[in-house]
Amino acid sequence: TLTDRLSRLVKTMRGQARITESNVQDMLREVRMALLEADVALPVVRDFINRVKDKALGQEVIGSLNPGQVLVSIVHKELAATMGEGVADLNLATQPPAVILMAGLQGAGKTTTTAKLAKHLIEKRKKKVLTVSADVYRPAAIEQLKTVTRQAGGEWFASTPDQKPRDIALAALDHAKRHYFDVLLVDTAGRLAIDEALMAEIRDLHAAIKPVETLFVVDAMQGQDAINTAKAFKDALPLTGIVLTKLDGDSRGGAAMSVRQITGAPIKFAGVSEKIDGLEVFDADRHAGRVLGMGDIVALVEEVQKGVDLEAAKKLADKVKSGDGFDLNDFLSQISQMKKMGGLGSLMDKLPTQLAAKAGQADMDRAERDMKRMEGVLNAMTAKERRQPSLLLDGKSKASRKRRIAQGAGVQIQDVNRLLNQFEQMQTMMKKMKGGGLMKMMKRMGG
Ligand code: GDP
Ligand code: MG
């Protein structure tokens, strides 16, 4: 998997201090493969890789991160940005009824999504919702919308196959106005492929009802083809949003990236089941992880970046370099930095499951408890003891000091000794790697 490949790369980059043309190339080769495997269209992949490369080469590597980790983080951020920043809800800011036009290929999930949206609007936004089908080519399509609208708790406006789509939509709009509906959802005929006559029809429909939202419904399983469909619909209609359906399937969801890039429209919702409540507000961040197939390893990297106090880390590194020594205060500050990141348990949650399983929850729990105990012991020391660990390591009164500390922290003397051992190991390690070893220390503590 990509996670495995990237972790391996990240490991090989560990000794490298800078992002260079060559380590970027290695990394991007893997990312490129992952994107193609996820069915992102080739031109979109090419564009993306170039953007990441530009960003990466200008990026400084800070604190305890290595170039590999910084790159993973850049890739993820750029991917999420490509698929849309944050979440975009439906725009209903217009004189009611707000008209929403559904467009897309046959089988994409327009009718299903129409009902899902009706439910969403009724329940989440307390709207009075009317649906209508302008699909006059398949009589069953009108009945289908009727059924699912009922399930959604919305109202359905009757239409018949002998009417013109434009007339149906206008009649429904008139009805919606007179009965004070907040929203009118207009379902349209499917196209098996890009068909000029049908494109002309939906353009005409659009001009007649002037929707505030024109949603392009696209099947996530469409893969590489999504790019052509998206182009055709974008040329025919001013799209305001995308609904990506069938994300519950085994597609890696690369279509999201292609479609978003080609249309420039935000992905607003994701269909995640055939059922009427199988609709989610699209989350670009989460989806980026899915496309890369890398669990939440990127979230882990970001967490590390966010949680670590870079100033403190730098001070520590300077201290070690200048020979000032690593004392127990620094040890305490390392532990609180880890806590700031949500503790080991929270970091574990973000690792891909294979890795997490390897580490073992029991071990994690134990490590977490140890960390708390260590903090307690450190806090039971006097400031002077923390500044001068030698008082505890080889001072004359070390035994009585340790006894006092153990009592204060409510632990055994052995616990104090264990901490001092760990501290000494840490000190040696810090000297070896000249500070900034938070990640390494976490590994060590996590077993
Ligand atoms: P339309 O031709 O665009 O109106 O497509 P439909 O709404 O009739 O959906 C076509 C098929 O896809 C139906 O069998 C739906 O149940 C199914 N479908 C739609 N959205 C989803 C989804 O998000 N997940 C899954 N698994 N199936 C979906
Ligand atoms: Mg339909």
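Visitor: Which residues does UniProt list for "domain: SRP54-type proteins GTP-binding"?

Guide: The UniProt record, an unreviewed entry, lists residues 266–279. Such annotations may be inferred rather than shown by experiment; positions follow the numbering used here, and feature names are shortened. This is a predicted model: local features need pLDDT of at least 70, side-chain atom pairs count only at pLDDT 80 or more, and totals for chains, interfaces and linings use all residues. Residues are numbered from 1 along each chain as its sequence is written, while chains are lettered from A and ligands numbered from 1 in the order in which they are written.

Visitor: How much helix and strand do residues 266–279 hold?

Guide: Helices (H or I, at least four residues) and strands (E, at least two) are DSSP runs, numbered from the N terminus. Residues 266–279 are 0% helix and 43% strand. Their end C-alpha atoms are 16 Å apart.

Visitor: How many residues surround ligand 1?

Guide: A residue is near if its C-beta atom, placed from the backbone, lies within 6 Å. Here 17 residues surround ligand 1. Gly109, Lys110, Thr111, Thr112 and Gly271 are the closest. Helix α5 (residues 110–124) gives the most, 3 residues.

Visitor: Which residues of the largest nonpolar core touch the most other members?

Guide: A nonpolar core joins buried Ala, Val, Leu, Ile, Met, Phe, Trp, Tyr and Cys residues through C-beta atoms within 7 Å. Buried means 20 or more other C-beta atoms within 10 Å of the residue's own, all placed from the backbone. This core has 92 residues; Ile100, Leu184, Val186, Phe216, Val218 and Leu244 touch the most other members. Helix α4 (residues 67–82) gives the most to this core, 7 residues.

Terms used
Buried ≥ 20, exposed ≤ 12 C-beta atoms within 10 Å, placed from the backbone.
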